[in-house]
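Visitor: Could you walk me through this model, one feature after another?
Guide: Gladly; let us look together.

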Amino acid sequence: MSSVWESLTVDARDPARLARWWAEALGYQVVAEEPDGVEIRQSADRRPSLFFARVADGKERKNRLHLDLRPADQEAEVERLVDMGARHVDIGQGDVEWTVLADPEGNEFCVLREREE
């Protein structure tokens, strides 16, 4: 017996705002919205989803789990995400081939280079 990945939950002070930011970043759509949480998916019938749950406190430390994005054009995607409100962050990654950004609430994620075939 095994499990199926259903969703990843992200704590958020403003779940509606952060869910919409990530929906735009990923090309996802909002599929459910309640006062205390918002769920986004690639399409209504596809899983896993990202669920943004309301919390009272802000982010205080580096994430122990983060998303890695692999765009067709790393430089253009980093520019697009920064224009949307992401910011560059240094978590001690040093000189690497990926770019570390943080979303509007400070959650780190990586933008990887294009996959070499």
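**Fold and aromatic pairs**

Guide: Along the sequence, the protein chain runs β-α-β-β-β-β-α-β-β-β, where helices (H or I, at least four residues) and strands (E, at least two) are DSSP runs numbered from the N terminus. This is a predicted model, in which local features need pLDDT of at least 70 and side-chain atom pairs count only at pLDDT 80 or more, while totals for chains, interfaces and linings use all residues. Residues are numbered from 1 along each chain as its sequence is written, and side-chain values use heavy atoms, leaving out hydrogens and water.

Visitor: How many helices and strands does the protein chain have?
Guide: There are two helices and eight strands.

Visitor: How do I read aromatic pairs, and how many are there?
Guide: Rings of Phe, Tyr and Trp (its six-membered ring) pair if their centres lie within 6.5 Å; planes under 30 degrees apart are stacked, over 60 edge-to-face, and the rest tilted. By this rule there are three aromatic pairs. The W21 and W22 rings have centres 5.1 Å apart and planes at 80°, so this pair is edge-to-face.

Visitor: Are W22 and F109 buried or exposed?
Guide: Buried means under 20% relative accessible area, exposed over 50%, and partly exposed in between (1.4 Å probe, protein chains only). Both W22 and F109 are buried, and W21 is buried too. Together, W21, W22 and F109 form one aromatic cluster.
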